[in-house]
Amino acid sequence: MQAIRALARGLLVLSLVPTAAAQEVRRTLIQGVEVIEFPFAFVLTNSIWKSTTIPVCWENPSTADAALREETRAAVRETWETHSPIRFVDWGRCTDEQLGIRIRIAEDVTYGPHVKALGNYLDGMPAGMVLNFRFNRWGQSCQQRIVFCVRAIAVHEFGHALGFAHEHNRGDTPPECLNDNKPSGPDGDWKVTEYDPYSIMNYCNKPWLGNGRLSARDIEGLQRIYGKPAQ
C-alpha cells in the first residue's frame, strides 16, 4: 500500500472550506497510513483512474448482508460498467494491504453513505467508501425500500469513486437548485458536459438520485473520460 494518501475534505463527508484556508495542510495517521488533508476541492482530472480495471473489496462483510452486497454489485454493473469499459473486480473481503476501493458497511448517522475522496485518491484508503444497509437511524424512509436505496446510493457513490463531483457544485447550476441543495464536497475542474439536472450526481434531480439510473449526459461524460464499452 502506498504510504501517502490524499484525503478529500468534502464530498459527502465535509463541506468545502473558505479559499483563504487553502494554504493549510494537515497530516494525520489513519490505521498507520499518512493522510494529507488539503482544505480545498480535489480536481476531477487528477482523480481519473489510469486503468479501467478497478479492484473493490469489503472490509466487514457478513453472511447476513450477502444479498445487499450483491445488489450493490449488480447496480454498478448495470450502470457504470454497462456504458463503459470500466470493470470493478474482486468484490471479496479486503486484505490488510489491499488496494482499490475499500467499502465499509456502516450506518454513519453524521454523514450517511459517503466516500472520503474522489476517484483514484480512494485507492487503498481504509473505509474509503461507506455504505449503509440498515437505515435504522439515517435515511429511515429507506426502510420501506431498502433494496432500491442500496442500489441508488451505490450508483451515486461509485460515480464519486470514478472521479465525478456533485453536479450541483458547478458554477452554472440554476439558483433555484441551490435554494435547497448547497454545494458539498470537492469540485471538479472539468465540465465534461453541459449542466445536467438529471444526473445521478445531482442532488436537485427529481426523482431522488434519478431512481438509480444514469442520465444521457452521465453516460456521455463517462464515455468521454473512460471510453465506450467494447463491442
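How many bridges join β4 to β6, and do these strands run parallel or antiparallel? The answer is 3 bridges, with the strands parallel. This is a predicted model, in which local features need pLDDT of at least 70, side-chain atom pairs count only at pLDDT 80 or more, and totals for chains, interfaces and linings use all residues. Residues are numbered from 1 along each chain as its sequence is written, and side-chain values use heavy atoms, with hydrogens and water left out.

**View A. Helix α3, residues 146–161.** Helices are DSSP runs of H or I with at least four residues, strands are E runs of at least two, and both are numbered from the N terminus. α3 has 16 residues and spans 22 Å from first to last C-alpha. That is close to the 22 Å expected at 1.5 Å a residue, taken as 1.5 Å times one less than the number of residues. Glycine 163 follows α3, with a positive phi near 110°.

View B. Because 12 of its 16 residues are buried, α3 is largely enclosed by the rest of the structure. Buried means under 20% relative accessible area, exposed over 50%, partly exposed in between (1.4 Å probe, protein chains only). Among the buried residues are Cys149, Val150, Phe158 and His160.

**View C. Strand β6 and its partners.** In β6, 4 of 5 residues are buried. Strands pair if DSSP finds at least two bridges between them.
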